[in-house]
Structures are given as structure tokens and as C-alpha cells.
Amino acid sequence: MGKVLWHVAMSLDGFVAADGHAMDWMSGVRVTPGVHEESIARIGAILGGRRGFDALVARVPGEVARQPYGGAWSGPVFVLTHHPEDAPAEDGVTFLRCDVREAVEIGLAAAGGKDLELHSQDIARQCVELGILDEFQVHLMPVMLGSGVRLFDNPGRKPVRWDRVHDGDPALAVDLRYRLAARH
């Protein structure tokens, strides 16, 4: 059985999307070579949320442009929604109306032994609360957004501890240092 993974890019100030779920803030930045290819090889299915899906459909013309990883990955995509009846038809996308745990079970079954990747902050938060998120990978992007969709909103709840996946001490902090980019 595959893992439930949350793979996300985040701004330095903790946002995974700008206001309105906009993702254009990531243009001009890139991840370490090979990281996406490694992820693509592990993914069997993707589970996302309706707000992000609707924002993507409204903003990005053409189905090919909206495909995960720019079309480098293909497979079953599930969108969890409270109102599938008004969802726009999209090739390769199945709209689910169920609880998060059931949606994850459906996604894992469709993944055929590979991993289920989450493309939704809210679904990922619910998976953390349910104890069914196995791992997450964050690409920290060198930009501050100031507002938008936070990586993890957890008001009033206990901290969630994670072990870092790498060689060495799993509780070791990641130290980063940035300077203001030159103005263009």
C-alpha cells in the first residue's frame, strides 16, 4: 500500500497559495533538479480540493496546461467537494462527495500500490488531524506573500511534531539564510 503524501510549495511567510488560490507567485523560482521527477515516479493518484480546482480551472486555459506537473504525470485525479453536481467535467478527474478518510481510501486504491499525493491544504490538515498523513514535502520558495492560504492552520490545537526525512538527527532544524533580492 502506498503512502499518503502532501507535496507543497510554500512562501517564506507560510503561504501555499496567494489570495484566491493564485499560484503565479511561483514563476521564476524552481526546485532542486530531479525532485519533481522523483515525486512523479512515486505518485499513483492525486487528491485535491474543490476551491483549488475551481481556481485553477478559472485561471489556466486548456486542460493540458492544468495537468499535474505540467503534464509530466498522468493518472487518476480526485477532487473532494460538497457539491459535485455543479463541477465542470474534466478529463481524468473524478469528483467525490464523501468524508476525507473515505476519499483517501478511494485515492489509495486507485493509486495501485503507489502513493496518493494531496493537493489541498484543507484536506492535508484534516488528514493530519485524523492521523492518516504519512509524510509531507515542502519546497520553501524565496518569496513572502503577506496573505493567502496558510500551510497549516491549527488554532487552539496541540503542535504536530514531525521527524525530518534525511540522514542524521530526525529532529534537527533546517537552517536557512536569505537576503533581499536585487530590485529589477
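Let's start with strand β1, residues 4-11: 8 of its 8 residues are buried, so β1 is largely enclosed by the rest of the structure. Buried here means under 20% relative accessible area, exposed means over 50%, and partly exposed is in between, with a 1.4 Å probe and protein chains only. Strands are DSSP runs of E with at least two residues, helices are runs of H or I with at least four, and both are numbered from the N terminus.

A quick word on what we are looking at: this is a predicted model, where local features need pLDDT of at least 70 and side-chain atom pairs count only at pLDDT 80 or more, while totals for chains, interfaces and linings use all residues. Residues are numbered from 1 along each chain as its sequence is written, and side-chain values use heavy atoms, with hydrogens and water left out.

Back to β1. Which residues point which way? Val 4, Trp 6, Val 8 and Met 10 point one way, Leu 5, His 7, Ala 9 and Ser 11 point the other way, and all are buried. β1 has β6 as a parallel partner, joined by 3 bridges, and Val 4 stands opposite Leu 116 of β6. It also runs parallel to β7, residues 135-141, with 7 bridges between the two; there, Ser 11 has Met 141 as its bridge partner. For pairing, DSSP has to find at least two bridges between the strands.

Now let me stay with β6, residues 115-119, which is where Leu 118 sits. Leu 118 counts as buried because its relative accessibility is 0%. Between Leu 118 and Val 8 there are 8.6 Å from C-alpha to C-alpha, although they are 110 residues apart in sequence. Contact means heavy atoms within 4.5 Å, and leaving aside neighbours within four places in sequence, the contacts of Leu 118 include Val 4, Leu 5, Trp 6 and His 7 from β1, along with Leu 47, Ile 123 and Cys 127.

How many disulfides does the structure hold? There are 0, taking a disulfide as a pair of cysteine sulfur atoms within 2.5 Å. For Cys 127, the closest cysteine sulfur is that of Cys 98, and at 11 Å it is too far for a bond. Cys 127 is buried, at 0% relative accessibility, whereas Cys 98 is partly exposed at 23%.

Next, helix α3, residues 100-110, whose buried residues are Val 100, Ala 103, Val 104, Gly 107 and Leu 108. Seen down the axis, they fall within an arc of 135 degrees, so they line one face of α3; the arc is that of the directions from the helix axis to the C-beta atoms. As a reminder, an α-helix has 3.6 residues a turn, so residues three or four places apart point the same way. What do the buried residues of α3 pack against? Their partners are β1, β3 (43-49), β4 (77-80), β5 (93-96), β6 and α4 (121-130). At the start of α3, a side-chain oxygen of Asp 99 comes to within 3.2 Å of the backbone nitrogen of Arg 101. Just after α3, Gly 112 has a positive phi of about 60 degrees.

On to the aromatics. The whole structure has 3 aromatic pairs. Rings of Phe, Tyr and Trp (its six-membered ring) pair if their centres lie within 6.5 Å; planes under 30 degrees apart are stacked, over 60 edge-to-face, and the rest tilted. Trp 6 and Phe 136 make a tilted pair, because their centres are 5.8 Å apart and their planes at 45 degrees. With Trp 6 in β1 and Phe 136 in β7, this pair ties together parts that are 130 residues apart in sequence. Trp 6 is buried at 5%, while Phe 136 is partly exposed at 30%. Phe 136 also pairs edge-to-face with Trp 162, at 4.9 Å centre to centre and 80 degrees between the planes. Trp 162 lies in the segment after β8 (149-150), and is partly exposed at 35%.

Let me finish in β7 with His 139, which is buried at 12% relative accessibility. Its side chain and that of His 7 are joined by a polar contact of 2.5 Å. A polar contact is a pair of N or O atoms within 3.5 Å; within protein, one must be able to donate a hydrogen and the other to accept it, and residues adjacent in sequence count only if both atoms are side-chain atoms. Not counting residues up to four places away in sequence, His 139 touches Val 8, Ala 9 and Met 10 among others, including Val 31, Val 35 and His 36.
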